[in-house]
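I am opening this notebook to record what I looked up in one protein structure. The entries follow the order in which I checked things.

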Amino acid sequence: MRPHVTSSSQITKLQTWGWGVYITEPWHIANGEKYIIFVPGTLTINQRITVDEGGFLFFAAKEGIKIDDSVGNPPTASPTGDIEGIYITDGEFDTGMGNKQLIIEGTVVAKSLKQDRDLGVDNDLYPAVQF
């Protein structure tokens, strides 16, 4: 069984491969848009996801959620959200590696959490991953 999402122009932002779903373009959820997406495999997020006030985005991924290393921005004291929404998995939530600061605005529930981002000399000034 493949993930099923009903009509929206935003559906072009999702690609399925086997049992997984990949976010391959930036995705913006506007006020009034609501998405509940079940993924029987792994959700891989390769781009920024933003949700306006009044919008709703929920992912449930059975096997895990992986954030690509390229998602995020250089460290800053006033960061904006890179990944927004509600993310639940029965597997691992992997924030990726690399030297970009990742800001998650919303909720994450997972069996385990893997955080391997490293900001180098900025580690003492900023969190590599912020929820």
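**Strand pairing around S9**

I am working on a predicted model, in which local features need pLDDT of at least 70, side-chain atom pairs count only at pLDDT 80 or more, and totals for chains, interfaces and linings use all residues. Residues are numbered from 1 along each chain as its sequence is written, and side-chain values use heavy atoms, with hydrogens and water left out.

I took strands (E, at least two residues) and helices (H or I, at least four) as DSSP runs numbered from the N terminus. Two strands pair if DSSP finds at least two bridges between them. I found S7 and S9 running parallel, joined by four bridges. S9 also pairs with S11 in the parallel sense, over six bridges. On that side I noted Val108 in S11 as the bridge partner of Tyr87.

I then looked up burial, where buried means under 20% relative accessible area, exposed over 50%, and partly exposed in between (1.4 Å probe, protein chains only). Five of the seven residues of S9 are buried, and I logged the strand as mostly covered.

**Whole chain**

I counted zero helices and 13 strands in the protein chain. Of its 131 residues, 38% are buried. The chain exposes about 7100 Å² by the Shrake-Rupley method with a 1.4 Å probe, and carbon and sulfur atoms supply 52% of that area. For contacts I used heavy atoms within 4.5 Å. Among contacts between residues at least 6 apart in sequence, 39% join residues at least 24 apart.

**Core and rings**

I defined a nonpolar core as a set of buried Ala, Val, Leu, Ile, Met, Phe, Trp, Tyr and Cys residues joined through side-chain atoms within 4.5 Å. The largest one has 23 residues, and Trp27, Leu43, Ile45, Leu57, Phe59 and Tyr87 touch the most other members. I listed the contacts of Leu43, leaving out residues up to four places away in sequence; among them are Val21, Ile23, Phe59, Ile65 and Tyr87.

Rings of Phe, Tyr and Trp (its six-membered ring) pair if their centres lie within 6.5 Å; planes under 30 degrees apart count as stacked, over 60 as edge-to-face and the rest as tilted. I got five aromatic pairs by this rule. Trp27 and Tyr35 are a tilted pair, because their ring centres are 5.4 Å apart and their planes lie at 55 degrees. Both Trp27 and Tyr35 are buried. Phe59 and Tyr87 are stacked, because their planes lie at 15 degrees, with centres 5.7 Å apart. This second pair links distant parts of the chain: Phe59 is in strand S7 (residues 56-61) and Tyr87 in strand S9 (residues 83-89), 28 residues apart. Phe59 and Tyr87 are both buried. I logged Trp27, Tyr35, Phe59 and Tyr87 as one aromatic cluster.

Is Thr50 buried or exposed? I found Thr50 buried, with a relative accessible area of 14%. Thr50 lies in strand S6 (residues 49-51). Its side chain makes a polar contact with the side chain of His28 at 3.0 Å. A polar contact is a pair of N or O atoms within 3.5 Å; within protein, one must be able to donate a hydrogen and the other to accept it, and residues adjacent in sequence count only if both atoms are side-chain atoms.

Thr107 is in strand S11 (residues 102-109) and is partly exposed, at 38% relative accessible area. Beyond four places in sequence, I found Thr107 touching Gly85, Ile86 and Tyr87.
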